[in-house]
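Reader: Before we discuss any details, could you show me the model and then take my questions on it one at a time?

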Amino acid sequence: MKKSDISYVSCSVYAAMVSIFYCCNMWFHLKLPRYYPLEHTWKMIKEPGKPSQGWYGMQTFAFIAAGIVTFIVYRVLRRSVDEIQLKPATVKLIALAVSVIVSACLVYIMYYEYHRWKII
């Protein structure tokens, strides 16, 4: 596999995994740190009546977890350099799969947030 193919697959995996891991926060109700801007501090609990920004912790979790998965995929692909060759149809399939995953996760995130804030 060419270096450009490895980079393409790795970036595709990273984009899809960030979306999935961000949704995992909502699906499994993970306890992540929240930032309290008025106090300039991080806490693991949600204090009622105090404004907090939980998406900082959600994004950090998604980026780090996706980075770990992408690193593993990258290492596997580097070891199988000569064995795998990407065809144009495979490249298109990967692009389509990533687009569907990211779009589905974005729709779910919007639904989740709108439902939580009672907009819909």
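The questions and answers below concern this predicted model.

Reader: Which helix gives the largest share of the positive patch?

Author: The patch of positive charge on the surface gathers Lys-3, Arg-75, Arg-78 and Arg-79. Lys-3 lies in helix α1, which covers residues 3-28, whereas three residues of the patch come from a helix that covers residues 55-79. The helix with the largest share is therefore α2.

Reader: Is Lys-3 buried or exposed?

Author: The cut-off for calling a residue exposed is over 50% relative accessible area. Lys-3, a member of the positive patch, has a relative accessibility of 73%, and it therefore counts as exposed.

Reader: Where is His-40 found, and is it buried or exposed?

Author: His-40 is a residue other than glycine, and its phi is positive, near 55 degrees. It is found in the loop between β1 (34-36) and β2 (41-43). With a relative accessible area of 63%, which is over the 50% cut-off, His-40 is exposed.

Reader: What is the phi of Lys-118, and what is its relative accessible area?

Author: Lys-118 is found in the segment after α3 (88-116). Although Lys-118 is not a glycine, its phi is positive, at about 60 degrees. Lys-118 is exposed, because its relative accessible area is 72%.

Reader: What is the area of the nonpolar surface patch that includes Ile-72?

Author: Ile-72 is found in helix α2. The patch is made by Ile-64, Ile-68, Phe-71, Ile-72, Tyr-74 and Val-76, and its area is about 600 Å².

Reader: How far apart in space are Ser-103 and Asn-25?

Author: Ser-103 has its place in helix α3, and with a relative accessible area of 42% it is partly exposed. In sequence, Ser-103 and Asn-25 are 78 residues apart, while in space, C-alpha to C-alpha, they are separated by 17 Å.

Definitions and conventions
Residues are numbered from 1 along each chain as its sequence is written. This is a predicted model: local features need pLDDT of at least 70, side-chain atom pairs count only at pLDDT 80 or more; totals for chains, interfaces and linings use all residues. Side-chain values use heavy atoms; hydrogens and water are left out. Patches are made of residues with over 30% relative accessible area and no salt bridge: like charges are joined within 9 Å, nonpolar side chains (Val, Leu, Ile, Met, Phe, Trp, Tyr) within 5 Å. Accessible areas come from the Shrake-Rupley method with a 1.4 Å probe; for residues, only the protein chains shown count as cover. A salt bridge is a side-chain nitrogen of Lys or Arg within 4 Å of a carboxyl oxygen of Asp or Glu. Lys and Arg count as positive and Asp and Glu as negative; His and the chain ends are not counted. The place of a charge is taken as NZ of Lys, CZ of Arg, CG of Asp or CD of Glu. Helices (H or I, at least four residues) and strands (E, at least two) are DSSP runs, numbered from the N terminus. Buried means under 20% relative accessible area, exposed over 50%, partly exposed in between (1.4 Å probe, protein chains only). The expected span of a helix is 1.5 Å times one less than its number of residues.
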